[in-house]
Amino acid sequence: MTDGPPDPEWRLEPFLEHLEWERNLAPATLRAYRRETARLIDFACRELDARDPASLAPAAVRSYLAHLHQQRLSARSIERSLACLRTYFRFLASERVIPASPAESVPHVRAPRGAPEVVDRYAIEELLDSQPETPVGERDRAVLELLYGAGLRVGELVAIDLADLQIGQRMLRVRGKGRRERLVPFGRKAAEAVTRYLPHRARWRRSCRDGGDEPLLVNQRGGRLSDRSVRRILDAAVQRTAQLHHLHPHALRHAFATHLLEAGMDLRAIQELLGHGSLSTTQIYTNVDLAHLMSVYRKAHPRASGDAATGREAENGKD
């Protein structure tokens, strides 16, 4: 990718300002849009010798997607790139920089939609209980308890400030996608973990000179914990447990939703807790819950495996 900023003709900075101030997108989303759009501009200038976006036709967009495929990007990553480009070119068309979007006629890249991984609640308990009784271990226990106990996205978790915590009411003020705020409850175990962690946080913050925000979750230098640090915390916890391998932080959010659904909570209530803008996003957990229940049934019911085997034998015996 080129080192300098793209030519002003490409209108990258005005596009990002539009996303930030008019569409109110979160900082992480803005960074993703910048990366994806800059990558297209670099490809168009370097490989297609394009001078401005008006010179790009649908064939250029298809060439770029083919280039991403050659780079061994997954179908889902290419799908996200195309969605970003559609947004970018629609902005340029609305600003009359181009007559029409060259990405509109390019078909969607259909990525396979796998169901979220389901983690057994007993495995989750083993994961949470694996933290050592040290200052860092207390902090890490609070991180994992909040991820699971409040069903948070990692970006939401690390963005929480101390002022967003209502420990007595066991509530968190969370800023989700599109910077939408919501109040999320968390349980007694998470509250106990956070309470044990807070004295260590106060000591670590005394050595920090940033003078800015007051993050809830901090590293030993007093700075805000990063997304990458949360990944390392979970990796270390997984290594201490035999049942879980390559668990993603988002799996704790999936477990939060699935276990509430199993317990009988209304899907609309789970939607509010997760901060989903659409109920259709939450409905994936109904499929997960049914699949999980069927798996439990087949393992636990005394007649399930025999019936299944008999059925297979009958099928195999047909002419």
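1. The structure is a predicted model, in which local features need pLDDT of at least 70 and side-chain atom pairs count only at pLDDT 80 or more, while totals for chains, interfaces and linings use all residues. Residues are numbered from 1 along each chain as its sequence is written, and side-chain values use heavy atoms, with hydrogens and water left out.

2. Helix H2 covers residues 27-47, and its end C-alpha atoms lie 30 Å apart, which agrees with the 30 Å that its 21 residues should span at 1.5 Å a residue; the expected span is 1.5 Å times one less than the number of residues. Helices (H or I, at least four residues) and strands (E, at least two) are DSSP runs, numbered from the N terminus.

3. Among the buried residues of H2 are Leu30, Tyr33, Leu40, Ile41 and Phe43, where buried means under 20% relative accessible area, exposed over 50%, and partly exposed in between (1.4 Å probe, protein chains only). Their cover includes helices H1 (12-22), H3 (58-70) and H4 (75-94).

4. A search of the whole structure finds 22 salt bridges, each defined as a side-chain nitrogen of Lys or Arg within 4 Å of a carboxyl oxygen of Asp or Glu. Arg182 and Glu156 form one of 3.0 Å, N to O, which links strand E3 (residues 181-185) to helix H7 (residues 154-158) across 26 residues. Arg182 is buried at 12% relative accessible area, and Glu156 is buried at 4%.

5. Arg196 and Glu138 also pair, at 3.2 Å from N to O, joining helix H8 (residues 188-206) to helix H6 (residues 135-150). Here Arg196 is partly exposed at 37%, whereas Glu138 is buried at 16%.

Terms used
Contact = heavy atoms within 4.5 Å.
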